Amino acid sequence: MTEKSPHSARRTDRQVRRAPGWIAPVLAGAVAVAVTWGIGSTIFRGALVERGLPEQVNEASADARMTWEYGAKLADLASQAQALAQLAPEDNASRLSALATSLSQGSAVLGELRFDDQEPAALPQSFSPDALVALATNVADASSAMPAFAEPSLSRDSKLAQIAFQINLDARSAVASLGEERDVDLALPLSAVSGEEEQKDQPVACLPNEELLDPAKEITEAQNIEPTAVARALDRGYALDFLLQLTAARGADSAKEAVEARRSELGRQLRGLRATVDEQCADLREPAYALPEGGLEDLAALSAEAEGDFADALVVAAGVSDGAAGAKISAVAFQTLNGQQGSNEEYRILETGEVGK
């Protein structure tokens, strides 16, 4: 068995917009190493370098390996998106490049596990609308279901959910750049949830401890991950509704109609989210939410931030929920994120920066 010389990669930085510490850590200073192991050369990228030697990868859990294999799948899709971008007209190219960046970033966050006897991803040789739609369909399909992990993990599943929603939105944006009506029914992110058949009638359990509503509180028991994430999403939604009520009451008359329309939409989203929780659970609505000093003078900014916090919490809840509840939460999250992106084209769950390989 021979060992190839390690080689360095460019710095990889991952940021999550306004993401609290309980969502995901920042991955920085990633390097790539190639060594021989098993049936071929195993490529370590991004998070895998934290594991070190191939023997440690060999001893890794099945869940860890599935995470790294998913990262390799994203890397292949990123290569295809970037190759197509180089062949595409300018309007399509910019959207495809954004998609390639998100896919590359997701791969760098998760890590890659591949062997050199695997066939490399086939790259497009020419651009066509059909080629773009085919790629977007493959990306959407990849975002629609998480691997069937044996153990829940808030950090891992939150990362995967953020990636799934971002690449799905970018795939839809790429299709929209074609500027023509196309009958494209892309899969929704996390719409296919592992174990759905067995858990389709199982509601989300009650929050075990109200103190866990605080995002700074660490969740130490695996069975508390799902109920806590869903409760936090509801809490952020109720906080947003409170701010919208204040905005409608104290803001300009010209803005009231739009605010009330958003409140009506938010009410439907919260009812759908609440319906996933066991009906025996106590309602988590707080009677009031504290505002920062001078907050009444800056309600518009606070409401915009609360919209982002609600969306972030929904994505996490979608990532850690199974069965019919998970599918419904994912639908609510997608609706919210789609609205965010529709009102702000710069809106992203993942901040896209340079991603090295």
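Student: At what angle do helix α2 and helix α4 cross, and how far apart are their axes?
Tutor: Helix α2 (residues 62–87) and helix α4 (residues 129–143) cross at roughly 160°, and their axes come within 11 Å. This is a predicted model, where local features need pLDDT of at least 70 and side-chain atom pairs count only at pLDDT 80 or more, while totals for chains, interfaces and linings use all residues. Residues are numbered from 1 along each chain as its sequence is written, and side-chain values use heavy atoms, with hydrogens and water left out.

Student: Why is α2 called roughly antiparallel to α4?
Tutor: Angles run from 0 to 180 degrees between N-to-C directions, and those over 145 count as roughly antiparallel (under 35 is roughly parallel, 65 to 115 roughly perpendicular, the rest oblique). The angle here is roughly 160°, so α2 is roughly antiparallel to α4.

Student: Which residues of α2 make that contact?
Tutor: Y70, K73, L77, Q80, A81 and L84 of α2 take part, where contact means heavy atoms within 4.5 Å. The contact of α2 with α4 has nine nonpolar, three polar and one charged residues.

Student: What makes α5 roughly perpendicular to α9?
Tutor: Helix α5 (residues 154–176) and helix α9 (residues 299–320) pack at about 115°, with axes 8 Å apart. That angle makes α5 roughly perpendicular to α9. Residues of α5 including L154, D157 and F165 meet residues of α9, among them V315 and V320.

Student: How are α7 and α9 oriented to each other?
Tutor: Helix α7 (residues 225–250) and α9 pack at about 160°, with their axes 8 Å apart. They are therefore roughly antiparallel. Their contact has 17 nonpolar, three polar and six charged residues.

Student: What lies over the face of F149?
Tutor: R156 does, at 3.7 Å from the ring centre. A charge sits over a ring if NZ of Lys or CZ of Arg is within 6 Å of the ring centre and within 35 degrees of the ring normal.

Note on methods:
Helices (H or I, at least four residues) and strands (E, at least two) are DSSP runs, numbered from the N terminus. Ala, Val, Leu, Ile, Met, Phe, Trp, Tyr, Cys and Pro count as nonpolar, Asp, Glu, Lys and Arg as charged, and the others, Gly among them, as polar.
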